[in-house]
Amino acid sequence: GPPEIELEFLDQGTGRVVLEYDSTDAAATQGGAYKDHATVVACGDTLGWRSVAFMVPDARFAGSQNGNADFRFYHGGQNLFVRRVRVARR
């Protein structure tokens, strides 16, 4: 099945958490290296741990991002406290 990236993070602050991943979508930024996932997580400042899973059927994971990374999470310049990241095929 397609890869899934699961993030467990502290719901602190406001704004959104966005996954940018290395994809096969040539129309995405830098030939697919920085595709924004359609799922955007709104933060509610609950100070609790939250989990969210992102299905990425068009993942390339060729290390095309800075530092040879395959994906990154962006929280609008705010700190993002991560407890766990898991990548698996479903």
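A28 is buried, with a relative accessible area of 13%; buried means under 20% relative accessible area, exposed over 50%, and partly exposed in between (1.4 Å probe, protein chains only). A28 sits in the loop between β2 and β3. Leaving aside neighbours within four places in sequence, A28 is in contact with S23, Y34 and K35. Contact means heavy atoms within 4.5 Å.

The model is predicted: local features need pLDDT of at least 70, side-chain atom pairs count only at pLDDT 80 or more, and totals for chains, interfaces and linings use all residues. Residues are numbered from 1 along each chain as its sequence is written, and side-chain values use heavy atoms, with hydrogens and water left out.

The chain has 0 helices and 6 strands. Helices (H or I, at least four residues) and strands (E, at least two) are DSSP runs, numbered from the N terminus. An open sheet holds 3 strands in the order β3-β2-β5, with antiparallel pairing. Its edge strands are β3 (35–42) and β5 (71–74), and each pairs on one side only. Two strands pair if DSSP finds at least two bridges between them. β2 and β5 are joined in the antiparallel sense over 4 bridges. Within this pairing, L19 stands opposite F73 in β5.

The largest nonpolar core has 12 residues in all, including I5, L19, V56 and F73. Such a core is a set of buried Ala, Val, Leu, Ile, Met, Phe, Trp, Tyr and Cys residues joined through side-chain atoms within 4.5 Å. Two or more residues come from each of β1, β2 (16–21) and β4 (49–55). In soluble globular proteins, nonpolar side chains tend to be buried together. Y21 also belongs to the core. Beyond its neighbours within four places in sequence, Y21 is in contact with residues including G32, H37, V56 and F71.

E4 lies in strand β1 (residues 3–10). E4 is buried, with a relative accessible area of 11%. A polar contact of 3.4 Å joins the side chains of E4 and R86. A polar contact is a pair of N or O atoms within 3.5 Å; within protein, one must be able to donate a hydrogen and the other to accept it, and residues adjacent in sequence count only if both atoms are side-chain atoms.

Over the whole chain, buried residues make up 37% of the 90 residues. Of the contacts with a separation of 6 or more, 75% join residues 24 or more positions apart.
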